[in-house]
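The following note sets out numbered points for a colleague reading the model. Please consult the sequence and structure alongside each paragraph.

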Amino acid sequence: LVRGVVFSLAFLSRRVVAVNNPLLDQLPSYQTLLYRRKSSGSSSTKRRRVSRGRYGSTSSGGGTQDVRGMCAYGRTQDGPSRSTTEHRLARELPLNMAEKRRHKLQLHRDLSGWKQWRSSAGHYLKRMREEGSVVFNSMQLWRTDIHLIEGMFGTGILSYFSFLRFLVLLNFMMFLLIFSFVILPVIVAKHTSSNLTVTSGEEIECSVYPPRSRQGLVVFHQYITDLLSGTGFLEQTYLFYGSYMVESIQFPSFSYSVPIAYLLCTIAYLLLSLLWIVKRSVTGFKRKLIRDEDRFQSFCNKIFAAWDCCITNENAARLKHKSLLYELKTDLEEERIRQKIAERSRQEKCRIYTLRLTLNLFVICVLAACFYAIYIATIISQQIQAQASQQYTFIVALIFEYLPSIVITMANFITPIIFTIIISFEDYSPAFEIRFTLLRCVFMRLASIGVLLFSLWSQIRCPETDCPCGYNKKLYPCWETHVGQEMYKLLIFDFLIIGAVTLFVEFPRKILVNHCDYALVKWLGQQEFAIPHNVLEIIYGQTICWIGAFYCPLLPAINTIKYYLVFYIKKVTLVNNCRPASRPFRASSSTFFFLAVLLIGLVLATVPIIVSMTQIRSSGSCGPFVNYNTSWAVVPQTVSLLHPHLRSFLTTLSSEAFAVSFFVITCMAMLYVIALAGAYKRVINQLRDQLVMEGRDKRFLIQKLCQAQANSSSRLVQGYQGNRRHGSTGVYMVQVPT
């Protein structure tokens, strides 16, 4: 608009010669620029001339030419100048489509043969890339279902299902990695003529692995127990760590080391998960950063630009109205709380901080009680499993098998209710209440897995005087397989709980709400589809998968199938049983929040894997690391067999000098990135100021145009009235500037 106004004012003069125009000297942006430049002294004279030429005005006589957009926009009375249009793209020129095509063909003819080939190849590759992206998008998993959910419930709930699809793909890639480099070579070597080197322990006592499968006549329900707990016929299959008792596979041209492949696959799927999560979180972080920086326009954005145009369902539209209303109320409440915090006296601050300290101590006590309950449940479960299982019935034995999982699930169900009640007394803002409660729930879910592993390791490790094998061989002949069984049971029980809640809680509740008129039922209403709670469920399962994949190599495949079924379960319960949550969860911030919590789960899953690799002695009767004290001991032994130059290079990489140098370089790179981010932030602030000034210029020029049109109309009316008074019938043509 500013360019059009400048063009109109320039052409009104009917000449190309530059003249002074006092109108453009009155632009608010130019006046602000003059005010800022007055304090900079005489050293900025050159920049002032450039700025005056750009803004198209000067107020210091006729010595300075008035370029005012004539040079800035490259336009004269005859049209665009050739020097500026030759190097501009056709779509940027103010021409119609026919002229743009002619301009494009002319540019193509003027190029040399090599440049013409490069241009044609670039267009061809661009077209292939676009067509490939279209084909790839059409082949995406659950594409139709996700579009349906987006149309019915908006982008907030869509973010949960997109996140679930990402986890399905991640688990499938983990399974392909482990299957290709560990499971498939072992299976192929055992069923072909390849030479195998089977691992065997040096000590006979520690190398005995008694068969755990049931002998004789087996009752049918015992097979169900084995299927749900990973014992019996499943224990010595490729599902668990203990079945990979192969040290190397001799192929005709090379030797394949299974221990190295097993260890490198574990490191590879952890690094793959890290890189994939970081890559996906960058986009969400940018959006969240922009949204957080744009505080002063939050109300305008919510009123004019917050509507989700993907919604087509009437109920979803009604809920979106309520959601926007809730967001506005939340922002007003945050402003009120911020003002209230600023006006607090010292006594009120002391009272609030004392209350928060007391409530946080209570939260710590609740968490400690839950962790102690998990520890005791794990100890009791291990002791019962070590005894003869025939003295218990099927149901009781299954309960003892799943006792740690049951206690963890009950703790994950009770603690969020307690945290929600407690947070209401701590006097936080509504947005911070949601985030802080979620962080407490995340800590509870992920730390419970750590407590379970700590309880298992306290039973596995024992002094060397009592355990000559370095671990409790009597209770755990293959402790890695036993840990894998615990992770397997956690994953299976988590899936069973999701299905049971959907079938026995949400579905009956929907029936009662639709067909019962009791006040209590109407007050409860339909179950809300709480996005944070559902996301924590799948992140909890993914953390179990990351930990258990080392002890149960097929666990990523099981988790892929589980999330595939969970997608349809959640879709059915969302469409038929639940309603979207009344409290909104923004899609822009939810994606980054989901990935941030998932990254925390990955870090917490890496810690027990590193501890088990480096600190706990490997089992002497199962697995590929029988001949090594720890799993990591295979790495230095393999490095010692390499070529001397490669060995010295790897030794240098693991030295302290390289670590210190790498740390210093990393710190310098971080400082550079921080400085660059600060510079970008200052540029963004300047661009925002320029946008504000551009809006003021538009308003000023529109006011001037309206005044010019009003003056021209008044002159036209006065001329017409004067013509009638003098009795003339001539027609007066008045040129009105446009």
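1. Phe-161 is buried, at 0% relative accessibility (buried means under 20% relative accessible area, exposed over 50%, partly exposed in between, with a 1.4 Å probe and protein chains only). Tyr-160 is likewise buried, with a relative accessible area of 0%, and Phe-567 counts as buried at 0% relative accessibility.

2. This is a predicted model, in which local features need pLDDT of at least 70 and side-chain atom pairs count only at pLDDT 80 or more, while totals for chains, interfaces and linings use all residues. Residues are numbered from 1 along each chain as its sequence is written, and side-chain values use heavy atoms, with hydrogens and water left out.

3. The aromatic pairs number 24 (rings of Phe, Tyr and Trp, the last by its six-membered ring, pair if their centres lie within 6.5 Å; planes under 30 degrees apart count as stacked, over 60 as edge-to-face and the rest as tilted). Tyr-160 and Phe-161 form an edge-to-face pair, because their ring centres are 5.0 Å apart and their planes stand at 80°. Phe-161 and Phe-567 are also edge-to-face, with centres 5.3 Å apart and planes at 85°. This second pair links distant parts of the chain, since Phe-161 is in helix α9 and Phe-567 in helix α21, 406 residues apart (helices are DSSP runs of H or I, at least four residues, and strands runs of E, at least two, numbered from the N terminus).

4. Arg-165 also lies in helix α9, which spans residues 155-190. Arg-165 is buried, with a relative accessible area of 15%. Leaving aside neighbours within four places in sequence, Arg-165 is in contact with Gln-140, Leu-141, Trp-142 and Ile-146 (contact means heavy atoms within 4.5 Å).

5. Helix α21 (residues 555-577) packs with helix α18 (residues 479-515) at an angle of about 10°, their axes 11 Å apart (axes are lines fitted to C-alpha atoms, for helices over the stretch in contact, and angles run from 0 to 180 degrees between N-to-C directions). The two helices are therefore roughly parallel (angles under 35 degrees; over 145 is roughly antiparallel, 65 to 115 roughly perpendicular and the rest oblique). The residues in contact include Phe-495 and Ile-498 of α18 and Leu-565 and Ile-569 of α21.

6. On confidence, the mean pLDDT of the protein is 76, and 74% of its residues reach 70 or more (pLDDT is the predictor's confidence in each residue, from 0 to 100). Among the elements, α21 has the highest mean pLDDT (90) and strand β1 (residues 75-76) the lowest (38). Residues 42-86 have pLDDT below 50, yet this stretch has 73 contacts in the model beyond near neighbours in sequence.
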